[in-house]
Amino acid sequence: MTVDLSPIDESLLAEIAGLHGMPKGAFNIRRDGQLVERHNSAFIEISTKTDVPGIDIHIAPGTKGETVYIPVIVTQSGLKDVVYNTFYIGEDCDVKIVAGCGIHNSSHEASEHDGIHSFYLGKNSRVSYVEKHYGEGEGTGERILNPTTNVYMEEGSYCEMEMVQLRGVTSTVRDTNAELAAGSKLVLVEKLLTHDKQTAVSNMKIELKGDDSSVQVISRSVAQDDSVQVFNPLVIGEAACRGHVQCDAIIMGNAKVKAIPGIEAASEDALLVHEAAIGKIAGDQIVKLMTLGLTEEEAEKEILDDFLS
Amino acid sequence: MLELKNLVFEVPNGEGGTKRIIDDLSLTIGDDRFTVITGPNGGGKSTLAKLIMGIEQPTSGQILFDGQDVTNLSITARAKLGIGYGFQQPARFKGMKVKKLLDIAAGRKLPMLACNEYLSKVGLCSASYLTREVDKSLSGGEVKRIEIATILARDPKLAIYDEPEAGIDLWSFDRLTETFRDIHAARDGRSIVIISHQERIIQLADEIVLLRDGKVVDTGTPEQLMPQLGFRLTSPGGCPLSSPTELHLTEIPTTC
Ligand SMILES: Nc1ncnc2c1ncn2[C@@H]1O[C@H](COP(=O)(O)OP(=O)(O)OP(=O)(O)O)[C@@H](O)[C@H]1O
Ligand SMILES: [Mg+2]
């Protein structure tokens, strides 16, 4: 292998994409705003954008069972990396996409990565997308991640997205937008843990445009210490569609969580539901685990781990 | 052996005074014993169990377990000494799988076979429960039986089950009484305390403790106490209303 990855690079890649060494099949690894290594497969072609920084990923119609990796790592402080990644997924595909960004900042300067990800899903395609965000480093510099995710779903397509940010990200503003045509289904799972003085804002705008389209948003979050989280999910139903938003948050210490539910039904056949629950870890859960021999701290850890699992 | 000495538990009554829930209660539960605590609703049975487990702290009095004073020990410390409690109203956990809860209870990763055995002992005869989350998707009877299974997996020296029969269907109940009978028959130094209103469970007891108003009002074998508990009679159905009733309508708030 020609590429030179440091131990820090390797551990970041393992953390955000579960990668140990270079993956098989199609991938694109970016470090500090530069391409590290890219590989195409027979059906998946990755090319550099000419107008803005970033890549286009073309997945041929009928591609099944492949995984594309596009992780980004930032180890240089003082860097603001903005990247546009656009996925064109043909009809009748069934693929998995693994993205993610890991920041290692050991200085006092801020490091920032803003990834703008767009997905065009062809008819009857299935996509499973996993995105992990993670920050580390002994420096005082801020670690900032502002991802935008746009999903355009054609008829009968199915997309499941798991977006996870556990620890280390000083500030994040997440924007997620989706448009769903008839018979398409989107499942959005967001898991967030903030601590110290971190802030996280998650905005979502999901437009259900076709009959029988549906969206399910599951947000689970834990806010610890003095961190602040704001959720702003908006689901707009313009057809005979179904939408379900469920926000569950656990607050600890002096943390604050605000959930601003938004549902707009522009069709009398739209069925939209929003549920939000914010609270401390239930005392009866901790007590139960203590009666099974765990200490209070151990009980708390088990409860949080499983809540975000 | 568990010894309770002059246990008192009081709570503020909201008017600046206190209300006594457990009233100078003394009781000894020997090893290898199967004890059933019964008595009217609100008599203090669950409170007593929580005092033994350390979930509530007594106002005064002493709790000894195998001769050691555990009155000021934490829940965790008492659990580690071998006290276990199956809740009347079990907690639910978002995201936690049944398998994980059983592992925590046992203090180690259990083989699948062992898990299935615990589940079948409480009448949950499908391995598919192991991957279910212990959240509100489980029915009341299901969580209740999983709660009991956690105590079976923990296998404490002193196990207290709080109304294990509540909300459980007849078939599972049969299986459960069998399970309790088996544990008792093993006589390997373990004691079982079951808080129950069920004749079939009360019949299994070596000793019945009748608790009312926070006091032990009677103890004895099933033969001695069953008649007085009224099980001998065919149930009269309902309770006799004193007439005139002792209610004063003006005392009933109309604002809620
Ligand atoms: N922390 C508390 N604060 C105020 N009242 C309490 C508290 N704990 C228990 N009580 C009261 O003490 C009494 C005994 O409650 P407990 O739950 O022990 O009864 P029980 O015998 O288990 O009843 P049941 O058969 O209905 O389960 C009840 O009147 C209850 O309302
Ligand atoms: Mg009770």
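Predicted model: local features only at pLDDT ≥ 70, side-chain atom pairs only at ≥ 80, totals over all residues.
Modeller: Quick ground rules: local features need pLDDT of at least 70, side-chain atom pairs count only at pLDDT 80 or more, and totals for chains, interfaces and linings use all residues. Residues are numbered from 1 along each chain as its sequence is written, chains are lettered from A and ligands numbered from 1 in the order in which they are written, and side-chain values use heavy atoms, leaving out hydrogens and water.

Biologist: How many salt bridges are there over all chains?

Modeller: Side chains of opposite charge can pair when their charged atoms come close. Here a salt bridge means a side-chain nitrogen of Lys or Arg within 4 Å of a carboxyl oxygen of Asp or Glu. Searching the whole structure for these gives 24.

Biologist: Which residue forms a salt bridge with Asp81(A)?

Modeller: Look in strand 1 (residues 27-31) of chain A, 51 residues away from Asp81(A) in strand 7; strands are DSSP runs (E, at least two residues) and helices are too (H or I, at least four), numbered from the N terminus. The closest N and O atoms are 2.7 Å apart, and the partner is Arg30(A).

Biologist: Is Asp81(A) buried or exposed?

Modeller: Buried means under 20% relative accessible area, exposed over 50%, and partly exposed in between (1.4 Å probe, protein chains only). Asp81(A) has 4%, so Asp81(A) is buried.

Biologist: How far apart are the end C-alpha atoms of helix 5 of chain B?

Modeller: The expected span is 1.5 Å times one less than the number of residues. With 15 residues (140-154), helix 5 of chain B should span 21 Å, and this agrees with the model's distance of 22 Å.
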